[in-house]
Amino acid sequence: MKRITSTFCVLLMLTLPLFTMAHPGHGDTDGYTIIHYFTEPMHAIITLGSFVLVFAVLRFLKNKQSQK
């Protein structure tokens, strides 16, 4: 089960750059800082959604494993 979880997390991390696409004005002021990705709505929604998805899957897998 740990291998499946690790594989899922790695695959999600590999696809994350595809979801956090650049947009007009990217790189003008603070476009290359980590703060930009948490304050710009286009990036923040996808980033937070990814975190929620990973948390939900990990919690589901943990609960499923504890029921065995």
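Which helix gives the most to the nonpolar patch? Hi everyone, let me walk you up to that one.

First, some housekeeping. This is a predicted model, where local features need pLDDT of at least 70 and side-chain atom pairs count only at pLDDT 80 or more, while totals for chains, interfaces and linings use all residues. Residues are numbered from 1 along each chain as its sequence is written, and side-chain values use heavy atoms, with hydrogens and water left out.

Now the fold. The protein chain has three helices and zero strands, in the order α-α-α from the N terminus. Both kinds of element are DSSP runs numbered from the N terminus: helices are H or I with at least four residues, strands E with at least two.

How confident is the predictor? On pLDDT, its per-residue confidence from 0 to 100, the protein chain has a mean of 76, and 74% of its residues reach 70 or more.

On to burial. I call a residue buried under 20% relative accessible area, exposed over 50%, and partly exposed in between, using a 1.4 Å probe and protein chains only. Of the 68 residues in the protein chain, 18% are buried.

T5 sits in helix 1, residues 2-19, and counts as buried because its relative accessibility is 16%. Setting aside neighbours within four places in sequence, T5 is in contact (heavy atoms within 4.5 Å) with L58 and L61. S50 belongs to helix 3, residues 41-67, and its 10% relative accessibility is why S50 is buried too. With the neighbours within four places again left out, S50 touches L12 and L16.

For the chain as a whole, take contacts between residues at least 6 apart in sequence: 42% of them join residues at least 24 apart.

Finally, the surface. By the Shrake-Rupley method with a 1.4 Å probe, where for residues only the protein chains shown count as cover, the accessible surface is about 5,600 Å², and carbon and sulfur atoms hold 71% of it. I34, I35, F38, L48 and F51 make a nonpolar patch of about 550 Å². Helix 2, residues 34-39, and helix 3 each supply at least two of the patch residues.

So, back to my opening: helix 2 gives the most, with three residues. Thanks, everyone!

Terms used: Patch = residues over 30% accessible without salt bridge, like charges linked within 9 Å, V, L, I, M, F, W, Y side chains within 5 Å. Salt bridge = Lys/Arg side-chain N within 4 Å of Asp/Glu carboxyl O. pLDDT = per-residue confidence, 0-100.
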